[in-house]
Amino acid sequence: MFCGRLLTGVVAADAGRSGHAALSVVPAYVLHHDAEFRAVLAEHCAGAMMLEAVEFQDVAEADPVAPAGGLGSAAALLQAGRQVVAFHGREELLDRLARWCRQEGFGSWLLHGPAGQGKTRLAHELAGTMAPDGWAVLWPRATAAPAELRAVGRAAKPLLVVLDYAETRAAQLAALLEAAAEHGGATPFKVLLLARTVGDWWTSTQAVSRTAEELLDGTPVVALPALESDTAARPQAYRRAAQAFAAALPEVRGRQGPDWPGLAASLPFPDVDRAGMDNALTLHMTALADLLDAADAGSAEDTAGPATGVEDRLLLHERRYWEQSATASGLSPALSTATLDAALAAALLVGAADRDQAAEVLRKVGGLADQPRDRRDAVLAWIAALYPPADTGPWGSLQPDRLTERLIGRRLAAHPGLAHDLIPDITEEQAGRLLTLYSRAAAHAVFAGQLDDRLTALCVRHRTVLASPAMAAATQVERPGPLVAGLQQIVADPQTPLDALRQLDDRLPRSERLAVWACDLARHLVARHRGLPHTPGLVWSLHSLSSRLAALDRREEALTPAEEAVTVARSMADAIPLIASLNTYADRLRDLGRREEAMAPITEAVALSRGLGDGRTPELVESLNRLAALLGDLGRHEAALAASEEAVRLRRDAGAGSDAEARQLARSLNIHSGRLWDLGRREEAMEVLIEAARLHDGMTGAGSAYSPAYVATLNEMAVKGAEMGWLKGALSVAERVVHVSRAMARNRPDAYLPQLAQSLGRLAWALEDSGRQEEALVVAEEALAIQRGLVAIHPDAHLTALNASLGTVSPLYAALGRPDQALAATEECVRIIRGLARAYPDAHLPHLAVQLHTLGTQLAAVGRTEQALAPVEEALGIRRALASRDPDAHLPGLASSLIGVAVRREQSGRPGEALAALEEAVAVYRTLAATRPAHVPDLARALYGLSRRLEGLRRWDEALAAVREAFRLMPELALYERR
């Protein structure tokens with residue numbers, strides 16, 4: 001009995017007593033559970049037979065089957081679904097996947113690797129492993145509508161869904177995740193994703209909905225390694241493949257004559273050490289090509305030439321199949337070989353959803369445009385017979401993909417006009433397929449970059465059709481350079497309409513690959529808007545340019561458009577653009593360390609926001625947030641707290657029901673927590689920070705759980721918790737942050753490796769605070785290695801972070817008795833921060849002073865006492881200059897430097913100068929403590945240190961007065977004195 005194309009049962013009896021009105025049927029799943037039945041299937045049926053969900057067959061990709069008379073294409077034997085070569089070499093990973101499948105409820109797994117690495121073959125083996133246990137396996141067809149896929153949520157049996165080419169099937173994946181959410185998890189529901197790359201597309205997939213975010217959280221992301229990495233094992237793997245193909249080649253039409261097993265046995269081993277032979281598909285293609293060449297008595301080899309790769313060798317054999325089929329169909333010699341080649345290449349390059357689209361594709365092929373419709377229909381039938389459709393489409397595809405890519409590359413190298421001819425009236429889906437295939441073909445080493453400029457020129461010439469698909473394809477393909485080059489030329493061309501640039505900006509995907517180009521796009525939008533009478537577009541374009549430059553750490557450049565935005569916005573009647581511009585301008589000044597200058601635009605933004613009225617709470621809250629942060633930087637803590645309190649109150653009063661409102665409240669709470677902390681109100685600060693983290697947890701919008709803001713909140717919780725002595729809790733939070741950051745960096749390293757390095761640094765602190773210094777050093781060194789790699793790629797953006805990582809490892813080396821390594825790290829740190837301070841003195845001079853103090857300590861630790869004084873004296877000079885300009889922000893640093901200088905002067909035999917520094921430090925701390933109670937303990941410790949110096953100089957009365965005041969201010973010092 002059949003339901004559609006699937007066998008659902010076998011009639012066991014036609015009971016006579018029922019008058020032949022009832023049949024006894026044994027269900028297919030019962031039979032399939034029987035090992036002997038499966039053995040009979042394997043013996044008499046082509047392909048692997050396994051259970052499928054009958055209710056989902058309309059959305060499933062049909063299994064590859066041998067047509068009547070056998071296969072026409074020898075290359076079809078390479079299809080992973082046919083499983084011609086026995087599975088081997090990945091048993092451990094297969095076992096991991098099987099155990100993952102058997103876990104309860106929903107699960108997802110992403111397996112990625114280059115073409116031919118064995119992803120699809122491994123998935124077929126997994127399917128075969130699970131099917132005998134009653135699992136249904138679904139391979140969704142590429143043309144299945146997302147609405148159709150929602151039906152899999154009704155699966156009653158354990159279900160494994162395998163989504164191949166997942167990077168190009170975002171809508172289908174989103175639908176599968178919605179179906180999984182509806183499923184409920186009563187039985188296992190697993191989704192195995194196969195992709196060539198992992199990066200922007202994966203991050204976007206997780207952010208598409210809250211459902212996607214929650215279900216994909218924690219997804220294992222595994223890079224599939226080369227199968228044949230051991231060169232010594234490759235000859236045996238080659239021989240196994242040759243024997244397997246020899247057994248299967250008689251199934252191919254016209255290939256029944258040769259003694260395939262004998263040929264396989266006599267094949268000499270190829271050069272298994274050459275590049276690419278660790279790839280499973282390359283090795284298998286080589287074995288098949290060698291067999292075919294041997295059977296054809298060297299004719300293919302004579303034609304191919306010494307520089308031709310294995311893909312070209314197989315395509316020569318495939319060409320014979322095409323020519324024989326064309327002759328049998330009556331197309332040859334009526335149509336030239338060149339015309340038929342172009343038709344096949346066009347069909348594979350852009351594809352078609354139905355016969356009408358297919359007819360339109362063939363109409364654009366030179367040599368067919370002037371042919372009658374019935375002749376083009378005959379060509380369509382010829383292509384469909386060569387490569388039958390797996391679903392409802394007009395034709396299938398040449399497999400494996402690398403053969404299609406090589407065929408397309410060869411055709412476009414010889415006839416670049418084909419791609420141009422196919423563009424008119426192309427659909428967006430076809431355009432995306434064309435660009436993806438063209439990009440992957442151009443990446444083949446055999447073309448040596450020959451196709452790159454042609455692909456770029458194609459994008460530029462047909463920008464109206466291809467610009468947007470090019471952005472999407474650039475985030476998916478392995479080698480996006482030609483596409484990005486095309487996008488760069490499009491935005492730079494004055495002939496590109498302004499509306500087209502706006503559309504690109506609106507559709508810009510979140511992508512590090514496109515980050516530099518996104519700046520170029522914003523820059524050209526600014527230039528275009530300058531010539532228009534209406535200015536709002538200019539203001540927002542300037543904002544975009546400033547923000548994108550700042551994200552690339554091009555700080556000085558980022559300031560200029562921010563400043564211009566303020567000027568332009570002042571000429572407008574609407575206050576909203578001016579408020580936003582003032583805030584952006586203040587951010588850029590703050591990035592440069594010019595905090596006092598930033599006060600004026602922030603203060604104006606707050607005043608303008610207050611004038612908007614109650615209906616514009618977000619603007620006022622955002623301006624107050626910036627004001628509070630800036631005042632905190634400037635050391636004006638009471639004023640900063642007042643601003644942050646108002647921001648939190650206003651956001652609470654206005655409500656935080658939407659995700660945007662909740663995110664703004666979370667930002668306000670983070671800033672408010674910092675202001676409370678600055679004033680010594682630590683418990684309150686931590687309570688506020690915990691509330692912010694809970695807000696992130698409860699958000700229902702896309703991407704919130706993995707947002708950088710959420711990670712930053714958790715990092716702050718870890719740091720502050722450790723400082724409060726909550727070491728166990730701080731360590732737990734820091735470990736959680738690293739876990740989350742690792743997942744983000746694994747999925748999209750170009751975007752999130754910096755965040756991972758920062759999170760590792762916080763974890764190192766937490767481990768150090770917990771007394772686990774060896775573990776802390778391992779983690780800190782990992783962070784340092786990441787930062788060095790990032791600096792090698794983009795030094796301007798990551799030198800500051802590298803400096804921070806060096807500042808973390810240095811004290812750990814010192815604590816573990818490795819003073820030379822500690823000193824080397826600190827010296828490197830000082831060299832980096834000197835360079836940064838020369839470029840951005842306001843931003844980095846305070847950090848240089850800190851590192852100079854550390855350098856003095858490290859020099860003293862290795863016995864270089866005389867040299868240790870110079871860096872701390874330099875630090876003191878820097879802090880004197882900073883404190884003279886901004887005492888509120890820098891007096892605490894000055895006092896700390898005075899204490900450090902006193903120690904080094906004492907060690908250098910200059911006690912009088914050491915005493916003078918201590919006395920000045922006490923005076924500074926006395927000034928600070930008068931208005932900031934948090935500095936009272938600092939004053940007490942400075943007085944205690946002063947008393948010990950005075951005692952050493954036999955100035956007993958002064959020493960006694962100083963120590964009494966110290967004990968009065970901080971009684972616990974007296975306990976220390978007794979010990």
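Guide: In this predicted model, helices are DSSP runs of H or I with at least four residues, numbered from the N terminus. By that count the chain has 45 helices, along with 9 strands.

Visitor: Where is proline 400 found?

Guide: Proline 400 sits in the loop that runs between α16 (373-386) and α17 (401-414).

Visitor: What makes the peptide bond from serine 332 to proline 333 worth a look?

Guide: That bond is also cis, with omega near 15°. Proline 333 belongs to the loop between α13 (310-328) and α14 (337-350).

Visitor: How do you know how α38 and α39 are oriented to each other?

Guide: Two packed helices are described by the angle between their axes and the distance between the axes. For α38 (residues 819-839) and α39 (residues 841-861), the axes come within 8 Å and cross at roughly 160°. Angles over 145 degrees count as roughly antiparallel, and α38 and α39 are therefore roughly antiparallel to each other. Their crossing is left-handed.

Visitor: Which residues of α38 and α39 meet?

Guide: The α38 side includes Leu823, Val830, Ile833 and Arg834, and the α39 side includes Leu845, Leu848, Leu852 and Leu855. By class, the contact has 14 nonpolar, 6 polar and 3 charged residues. Among those at the contact, Cys829 of α38 and Pro841 of α39 are counted as nonpolar because Cys and Pro belong to that class.

Visitor: How many of the residues of the chain count as buried?

Guide: Of 979 residues, 52% count as buried, which means that their relative accessible area is under 20%. The accessible surface of the chain is about 41,900 Å², and carbon and sulfur atoms hold 53% of that surface.

Visitor: What box do the C-alpha atoms of the chain fill?

Guide: Along the principal axes, the box is roughly 115 × 70 × 70 Å.

How values were computed
Residues numbered from 1 in each chain as written. Predicted model: local features only at pLDDT ≥ 70, side-chain atom pairs only at ≥ 80, totals over all residues. Heavy atoms only, no water. Axes fitted to C-alpha atoms, helices over the stretch in contact; angles between N-to-C directions. Helix = DSSP H or I, 4+ residues; strand = E, 2+ residues; numbered from the N terminus. Parallel < 35°, antiparallel > 145°, perpendicular 65-115°, else oblique. Left-handed = near helix turned anticlockwise from the far one by under 90°. Contact = heavy atoms within 4.5 Å. Buried < 20%, exposed > 50% of the residue type's maximum accessible area, 1.4 Å probe, protein only. Areas by Shrake-Rupley, 256 points an atom, 1.4 Å probe, with all protein chains shown as cover.
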